[in-house]
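Welcome, and thanks for taking a look.

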Amino acid sequence: MKKWSYHLCRLLLAGVFIYAGFLKGRDPVAFAGQVAAYQILPYAFNYLVAATLPFIELLCGVLLLLNRRVQPALLVLFGLNAAFMLALFSLVWRGLDIDCGCFHPGAEEGTGTSPLMALFRDAGLMLAILSVWVFRPKQAGEPLDE
Amino acid sequence: MSDRLLPSRRVLLEALVLVFFAVAVGLSLNYALVLRAFSGRTVVVKSASLNQPAQQFPQPVDYEELDDLLATGSRFIDARDAHLYADSHLPGAISLPLGEVDQRLEAFSAQVPRETSLILYCNGFGCPDSFDLGVRLIAEGYRQVKVYEGGFPEWRDRGRQLETVEKR
């Protein structure tokens with residue numbers, strides 16, 4: 001059971017973050033606009049985030065997919081997801097109803113995800129991250145518990 | 001058991017290396033974009049859905065050009081949603097959200113003569129609404145249409161004056 005939970009959550013996270021990283025990485029200007037809409041960072045730093053964040057997501061997703069360096073990838077995704085949730089919470093707190101820009105930067109108005117929905121989704125991803133961490137094999141390369 | 005739930009020093013180090021590597025890749029692929037943004041120069045943004053001749057496009061303007069344009073009678077046009085405009089907008093801006101342009105255009109045309117020089121803005125670089133609105137206004141007969149691509153975030157971050165709509 002642990003083995004299946006581990007692989008299921010690992011592959012789910014890999015798919016989600018490879019997909020998100022790919023969409024954002026291919027259009028960094030549009031993604032910078034989404035980050036700017038959060039009104040958190042000084043304006044030029046939105047570009048720094050847009051230029052680098054998708055590649056962090058992509059690399060972590062690929063490592064999870066290949067089942068290599070799973071722990072460091074999970075640790076990074078835990079930090080990223082916690083930061084996303086804080087940012088989304090600040091949107092809800094400030095009453096800003098923008099598209100979260102989580103997956104599809106530059107999406108048509110009304111087709112994106114609201115901050116509250118994105119917050120719930122990120123909570124689910126956080127649960128998956130913690131599940132993979134808890135159910136991971138005891139040591140790298142060691143056979144999984146049946 | 002609790003030791004197993006905490007990351008080891010090796011895992012922390014590997015996570016740092018992972019982030020460093022990904023950031024290096026991202027910066028090497030997007031260095032021109034980041035350099036332009038940090039130097040305050042315009043990042044030209046065009047909506048992918050638009051394939052119109054160049055003369056139909058509004059001209060981009062940098063922050064440094066704004067004061068001169070405003071001094072010669074240009075008006076800010078806010079292409080963001082009406083509630084964002086109500087919260088805070090650039091001085092003297094007129095609200096014309098891209099999503100409501102069909103309903104508001106008649107009233108807008110009555111208020112703003114076609115020969116007025118317009119400076120459109122929205123949520124900064126990467127936000128295509130002001131550009132798309134500019135194309136629409138040019139099609140409606142406005143000839144002096146410019147887009148301030150730094151938009152609301154850049155104006156705010158430079159500490160410039162903002163206005164709000166008085167709530168009743």
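Which residue forms a salt bridge with B:Asp78? The partner is B:Arg80, with the closest N and O atoms 2.9 Å apart; a salt bridge here is a side-chain nitrogen of Lys or Arg within 4 Å of a carboxyl oxygen of Asp or Glu. Please keep in mind that this is a predicted model, in which local features need pLDDT of at least 70 and side-chain atom pairs count only at pLDDT 80 or more, while totals for chains, interfaces and linings use all residues. Residues are numbered from 1 along each chain as its sequence is written, chains are lettered from A in the order in which they are written, and side-chain values use heavy atoms, with hydrogens and water left out.

**The interface**

- The contact set (heavy atoms within 4.5 Å) joins 37 residues of chain A to 38 residues of chain B.
- The size of an interface is often given as the accessible area lost when the parts come together.
- Chain A and chain B bury about 3200 Å² between them, 69% of it on carbon and sulfur atoms; this is the accessible area (1.4 Å probe) that two parts lose on being put together, summed over both.

**Across the chains**

- One salt bridge is counted between chain A and chain B.
- This bridge brings together the side chains of B:Glu14 and A:Arg69, at 3.5 Å from N to O.
- B:Glu14 lies in helix H2 (residues 9-38) of chain B, and A:Arg69 in the loop between H3 and H4 of chain A; helices are DSSP runs (H or I, at least four residues), numbered from the N terminus.
- B:Glu14 counts as buried because its relative accessibility is 19%, where buried means under 20% relative accessible area, exposed over 50% and partly exposed in between (1.4 Å probe, protein chains only).
- A network of salt bridges links A:Arg69, B:Arg10 and B:Glu14.

**Other salt bridges**

- Over all chains, the structure holds 11 salt bridges.
- In the pair from the opening question, both B:Asp78 and B:Arg80 are buried.
- B:Arg104 and B:Glu100 also meet through their side chains, at 2.9 Å from N to O.
- B:Arg104 is partly exposed at 28% relative accessibility, and B:Glu100 is partly exposed with a relative accessible area of 28%.

**Cysteines**

- Zero disulfides (pairs of cysteine sulfur atoms within 2.5 Å) are found over all chains.
- A:Cys60 is buried, with a relative accessible area of 0%, and A:Cys9 counts as buried at 17%.

Key. Helices (H or I, at least four residues) and strands (E, at least two) are DSSP runs, numbered from the N terminus.
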